[in-house]
Amino acid sequence: MSLVWVYAVRDGDADDPPAVSGVDGERPRVVAAGTLGAVVGTVADEGFDEAGLAAAMEDLARLEALARAHHAVVVEAGSAGAVAPVRLATVFRDDEAVVAMLRERADEFEAALDRVRGRREWGVKVYADTRAGGDDSPAPAPGDRPGTAYLLRRKADRDRGAAGRERARAVAESVADAAGTHAVDVRRFALQDARLSGRNEEMVLNATFLVDETQEAEFRAAVTGAGDGATVELTGPWPPFSFATADPP
Amino acid sequence: MTLAHPDDELSLVDLLDRLLAGGVVLTGEVTISLAEVDLVHVSLRALISSVSTLAVGPDPGEGDGA
């Protein structure tokens, strides 16, 4: 027995399925209904049923393999036109169920495709040293009163910390504003743990923007020119994963 | 486990930011709710619920009330 993994929905018929391997090593295909085509793959039920997927979500190696394969197919699926990515780990029993779903939610998919047509998603992350204070003068230290000196030093550290965080927040917002000027929509993700980035600086912005292809040059220039000393990292273009739904996920 | 370096290939955490939170949500017969999955793997938990400080709100005690 097999199951049907859904990658994305796009305009058109069953022609030109993506020419990359899917999550189960399968060759993706297209299930069409009306004006829509769902890019799907036939996967084994073992490993892709509810228990199998739940287990995969707790196994970093398997999750990574699924995520990379899903992403690769969605990229290919959208190489020739608008694509509405489907959430990772969406599996149907058979093609008939996919067709029924396409018919039932056709309006929603048409709206999603209209929203992302001619647009791509770009990630913008900003890293800043939130501890850095502008004033690094030594704490006042009356030599004969070590207790007071200690407390003053602690207070100065605390003040610098608060000022550093405030400055980092301002830098993050200035980059978000600069990027937003050339974007049609934005979503914010949780800031990534410093343990994951391998950087000394702290992430202060983790946002993703939907950008018109005609605005990409301006968008990129605005993002790379912003940040005032902070590290700004641009990723993309991504398929419009974060903008396939009308509301923030 | 291998975490991709941002400069070599797509960083896994950037990918998961999008794949676990984005995309059209469909109720397939076998669709699992990612929210219901018990993320027991410590490194995975770190990946998915990355610590958020500035975006979520002021630090407690910073007196930065809205």
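This is a predicted model: local features need pLDDT of at least 70, side-chain atom pairs count only at pLDDT 80 or more; totals for chains, interfaces and linings use all residues.
Tutor: Helices (H or I, at least four residues) and strands (E, at least two) are DSSP runs, numbered from the N terminus. Residues are numbered from 1 along each chain as its sequence is written, and chains are lettered from A and ligands numbered from 1 in the order in which they are written.

Student: Does Ser242(A) count as buried or exposed?

Tutor: A residue is buried if 20 or more other C-beta atoms lie within 10 Å of its own, exposed if 12 or fewer, and partly exposed in between, with C-beta atoms placed from the backbone. Ser242(A) counts as buried because it has 27 C-beta neighbours inside 10 Å.

Student: With which residues is Ser242(A) in contact, leaving aside its neighbours within four places in sequence?

Tutor: Two residues are in contact if their C-beta atoms, placed from the backbone, lie within 7 Å. For Ser242(A), the contacts are Glu121(A), Arg187(A) and Thr208(A), together with Arg18(B) and Gly22(B) from chain B.

Student: How many helices and strands does chain B have?

Tutor: Chain B has two helices and zero strands. Of its 66 residues, 30% count as buried. In helix H1 (residues 12-19) of chain B, eight of the eight residues are buried, so this helix is largely enclosed by the rest of the structure. Arg18(B), one of the contacts of Ser242(A), is among these buried residues.

Student: Back to chain A. In what order do the four strands of the open sheet stand?

Tutor: Two strands pair if DSSP finds at least two bridges between them. The order is S7-S8-S6-S9 (chain A), with antiparallel pairing. S7 and S9 of chain A stand at the edges with a single partner strand each, so each has one side without a neighbour in the sheet. The twist from one strand to the next averages 20°.

Student: Which residues of H4(A) are buried?

Tutor: They are Phe109(A), Ala112(A), Leu113(A) and Val116(A). The arc is that of the directions from the helix axis to the C-beta atoms. In H4(A) the buried residues fall within an arc of 95°, so they line one face of the helix. They pack against S1, S3, S4, S6 and S8 of chain A. Asp107(A) and Asp114(A), on the other side of H4(A), are exposed. Just after H4(A), Gly118(A) has a positive phi of about 75°.

Student: Which residues of helix H3 (residues 95-104) of chain A are buried?

Tutor: Val98(A), Met101(A) and Leu102(A) are buried. Their arc around the axis is only 100°, which puts them on the same side of H3(A). Glu96(A), Arg103(A) and Glu104(A) are exposed on the other side. The cover over the buried residues of H3(A) includes helix H4 (106-116) and strand S1 (2-11) of chain A.

Student: What is the phi of Ala89(A)?

Tutor: Ala89(A) has a positive phi of about 70°, although it is not a glycine. Ala89(A) lies in the loop between strand S4 (83-85) and S5 of chain A, and is buried, with 29 other C-beta atoms within 10 Å.

Definitions and conventions
Axes are lines fitted to C-alpha atoms, for helices over the stretch in contact, and angles run from 0 to 180 degrees between N-to-C directions.
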